[in-house]
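Subject: Structure handover

Hi,

Here is the structure for your files. My notes follow below.

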Amino acid sequence: IGQNDTLICKGDRLYLEAYASPAGDYRWSTGEWGNELEVTEAGTYIVAVDGICGFMTDSVKIQVQDCNCRPFTPNAFTPNGDGLNDQFGVLLDCFPRDMRFSVYNRFGQLVFIGYKPENKWDGTFNGQPCDVGTYFYQLQYTTPDGESLYYKGDLTLLR
């Protein structure tokens with residue numbers, strides 16, 4: 001297959017093409033025949049070629065992500081150590097190029113900053129539990145296709 005493992009955006013199409021010399025009968029793991037295959041979904045695609053030189057196979061792994069990359073942030077969390085909803089963070093269905101996620105208290109003081117989607121606020125500041133109440137967040141990031149986005153909102157810390 002003339003394609004390395006790759007990542008495509010949801011809704012995009014990728015055309016895989018297999019080559020064998022001399023040519024033979026091409027069969028894909030999807031059940032389709034021929035040396036070309038249109039791909040729109042994640043998966044491992046295998047092609048088998050049966051020719052005069054024997055039987056050969058090759059494969060490629062395709063991953064799909066939502067390049068629109070819109071965030072989800074809950075509006076409350078309970079950092080009480082019960083293992084449920086103990087951290088506040090942003091959920092993204094993509095891998096942003098750059099990201100800055102900051103949380104502020106009601107006085108505008110920065111209490112948390114993260115630079116990756118896996119960075120989550122545990123409800124503390126300088127090692128001490130923060131007060132119950134309303135906090136504010138800002139999220140800035142660049143999507144995989146280069147779009148710069150900015151979101152802000154509020155959340156409630158409950159104990």
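Which residues does Trp121 touch, leaving out those up to four places away in sequence? They are Phe77, Asp86, Gln87, Phe88, Val103, Val111, Phe112, Cys130, Tyr135, Leu155 and Leu157. Contact means heavy atoms within 4.5 Å.

Two notes on the source. This is a predicted model: local features need pLDDT of at least 70, side-chain atom pairs count only at pLDDT 80 or more, and totals for chains, interfaces and linings use all residues. Residues are numbered from 1 along each chain as its sequence is written, and side-chain values use heavy atoms, with hydrogens and water left out.

Cores: Trp121 is among the residues with the most contacts inside the largest nonpolar core, which has 20 residues. (Such a core is a set of buried Ala, Val, Leu, Ile, Met, Phe, Trp, Tyr and Cys residues joined through side-chain atoms within 4.5 Å; buried means under 20% relative accessible area, exposed over 50%, partly exposed in between, with a 1.4 Å probe and protein chains only.) β12 (133-142) gives the most, with 4 residues. Strands are DSSP E runs of at least two residues, numbered from the N terminus.

Sheet: 5 strands run β7-β13-β12-β8-β9 in an open, mixed sheet. Pairing takes at least two DSSP bridges between two strands. β8 and β9 are antiparallel over 4 bridges.

Cysteines: there is 1 disulfide, joining Cys69 to Cys94 (S to S 1.6 Å). The cut-off is sulfur atoms within 2.5 Å. Both Cys69 and Cys94 are buried. Cys53 is exposed, at 62% relative accessible area.

Best wishes
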